[in-house]
Amino acid sequence: PASRAPNQNFKMSFERALKEIEPTFTTDDGIEVQIRPLEAGDEKTLLGFFKNLPEPEVMFFKRRVRDPEVIKQWCENIDLYARLPLLALHEGKVIAVASLLQNNGGWKRHIGRISQSILPKYRQKGIAGKLVQELVDVARMAGLQKVEAAVIDKQDGGQKRFALLGITHLMRLAEDVQDTP
């Protein structure tokens, strides 16, 4: 059925959108940042990124991001038409990751989902906002009609960043996130 076919507009628009992403930018405080999609050879630096995230933040990922096998699978099975992971790099190290996830079929194929994470040292510099803006632009070029992001109550900066990009508060799930078994 047509509803299960990959969204061809997304595929074509994604290729164009990648060309539109500026490969580098400079933060207000002079940090030169490279932006690019995840590549097969990024295993070591991506694992290093996740190992350098504060422990409480790691629990918000659905996968075991500090497991080398999980990261290896991500880097070996890149499917840029379903998930576009953008990396921000400084001096060759991943300092931030943002992803756009899209269902290529089904009743939610018009909705993209964005997530992002950044090392504490690089926060409040506009890096995460730049990555998210690039992904919102990709989503628009791909013809997606909505963009979602899940943010917990304590992540005020993330909530403000998404609101500035037009991603509005949709719902609040009380006690949806728990940090104890």
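These legends walk you through a few close-up views of a predicted model.

In this predicted model, local features need pLDDT of at least 70 and side-chain atom pairs count only at pLDDT 80 or more, while totals for chains, interfaces and linings use all residues. Residues are numbered from 1 along each chain as its sequence is written, and side-chain values use heavy atoms, with hydrogens and water left out.

**View 1. The largest nonpolar core has 41 residues.** A nonpolar core is a set of buried Ala, Val, Leu, Ile, Met, Phe, Trp, Tyr and Cys residues joined through side-chain atoms within 4.5 Å. Look for Leu46, Leu100 and Ile127, which have the most contacts inside this core. Among the elements that each supply at least two of its residues are strand E2 (32-37), helix H2 (43-52), strand E4 (93-102) and helix H5 (127-141). H5 gives the most, with 8 residues. Helices (H or I, at least four residues) and strands (E, at least two) are DSSP runs, numbered from the N terminus.

**View 2. Leucine 46 and its neighbours.** Leaving aside residues up to four places away in sequence, leucine 46 touches Leu38, Ile71, Trp74, Cys75, Leu87, Val94 and Val97. Contact here means heavy atoms within 4.5 Å.

**View 3. Ring pairs link Phe49, Phe50, Phe61 and Trp74 into a cluster.** Rings of Phe, Tyr and Trp (its six-membered ring) pair if their centres lie within 6.5 Å; planes under 30 degrees apart count as stacked, over 60 as edge-to-face and the rest as tilted. The structure holds 3 aromatic pairs. In one of them, the ring centres of phenylalanine 49 and phenylalanine 50 lie 5.1 Å apart with planes at 70 degrees, so this pair is edge-to-face. Phenylalanine 50 also pairs edge-to-face with tryptophan 74, at 6.0 Å centre to centre and 70 degrees between the planes. Because phenylalanine 50 sits in helix H2 and tryptophan 74 in helix H4, this pair ties together parts 24 residues apart in sequence. Phenylalanine 50 is buried at 2% relative accessibility, whereas tryptophan 74 is partly exposed at 31%. Buried means under 20% relative accessible area, exposed over 50%, partly exposed in between (1.4 Å probe, protein chains only).

**View 4. Lysine 130 lies over the face of phenylalanine 25.** The distance from the ring centre is 5.7 Å. A charge sits over a ring if NZ of Lys or CZ of Arg is within 6 Å of the ring centre and within 35 degrees of the ring normal.
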